[in-house]
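Hi everyone, thanks for making time this morning.

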Amino acid sequence: MLPISVITLSTGRNAEWLQTAIDSVSHQTMPPAQHIIIKDFDRKMTIAQAYNKALRKVTQPYFCILDDDDVLDPSALEMLMAKMREMKKKDPKVFRIASFQVLINETGVPLAFTSMACQGLMKHQVVRNLGGYPNVPNGPDGRPTAIPTD
């Protein structure tokens, strides 16, 4: 198992995709040590507040957030962890590795590459030390408009 906690946040807008997101974590070539599924997302809180609530449950040194309408490639966590280890050898201060997603249509044709299928792999303690996710207004898609940076 990888020393990773995966947080899957169900916003309720993508209920039909939630199980697919959960299954994509379960079918990793190297599974995470912890999978936190937040199904009772409180509509009165911002997404950033929900992320911070989930962060308090993280038990592993690294975490990533997977939205309820995203699917991880079966080797995504293994590749992210390998890249994190490689980069930390070069610079011990590295605390975040970004990930990318491929948008695919119904026939399986790739449409575009965009950043962050999950929000990358982040060092749990560093994000906590930075105060977690800033409580800024959510963007038009309901997601935080900012992520932790140092």
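Before we start, one term: when I say that two residues are in contact, or that they pack against each other, I mean that they have heavy atoms within 4.5 Å. Please also keep in mind that this is a predicted model.

Let's begin with confidence. The protein chain has a mean pLDDT of 78, and 74% of the residues score at least 70. Confidence is highest in strand S2, at a mean of 92, and lowest in strand S6, residues 110-115, at 53. So much for the caveats.

Now the overall layout. We have four helices and seven strands in the protein chain. Reading from the N terminus, the order is β-α-β-α-β-α-β-β-β-β-α. The chain has 150 residues, and 43% of them count as buried. Looking at contacts with a separation of 6 or more, 67% come from residues 24 or more positions apart.

Let's zoom in on helix H2, and on Asn52, which lies in this helix, residues 47-55. Is Asn52 buried or exposed? Its relative accessibility is 16%, and the cut-off for buried is under 20%, so Asn52 counts as buried. What does Asn52 touch, once we set aside its neighbours within four places in sequence? The answer is Gly132 and Tyr133.

Seven of the nine residues of H2 are buried, so the helix is largely enclosed by the rest of the structure. Besides Asn52, the buried set consists of Ile47, Ala48, Ala50, Tyr51, Ala54 and Leu55. And what do these residues pack against? Their partners are strand S1 (2-9), strand S2 (32-38), strand S3 (62-67) and helix H4 (124-129).

That brings us to S1, which is mostly covered, with seven of its eight residues buried. S1 runs parallel to S2, and six bridges join the two. If you'd like a landmark there, find Val6, which stands opposite His35 in S2. Together with helix H1, residues 15-26, these two strands make a right-handed β-α-β unit.

S1 also pairs with S3, again in parallel and again through six bridges. Here the landmark is Ile4, opposite Tyr62 in S3.

Which residue has its charged end over the ring of Tyr62? It is Lys123, 5.0 Å from the ring centre. You'll find Lys123 in strand S7, residues 121-123. Lys123 and Tyr62 are 61 residues apart in sequence, yet their C-alpha atoms are 4.5 Å apart in space.

To recap, H2 is largely enclosed, since seven of its nine residues are buried, and S1 has parallel partners in S2 and S3.

Methods. Residues are numbered from 1 along each chain as its sequence is written. This is a predicted model: local features need pLDDT of at least 70, side-chain atom pairs count only at pLDDT 80 or more; totals for chains, interfaces and linings use all residues. Side-chain values use heavy atoms; hydrogens and water are left out. Buried means under 20% relative accessible area, exposed over 50%, partly exposed in between (1.4 Å probe, protein chains only). Two strands pair if DSSP finds at least two bridges between them. A crossover is right-handed if, with the strands pointing away from the viewer, the path from the first strand over the helix to the second runs clockwise. A charge sits over a ring if NZ of Lys or CZ of Arg is within 6 Å of the ring centre and within 35 degrees of the ring normal. pLDDT is the predictor's confidence in each residue, from 0 to 100.
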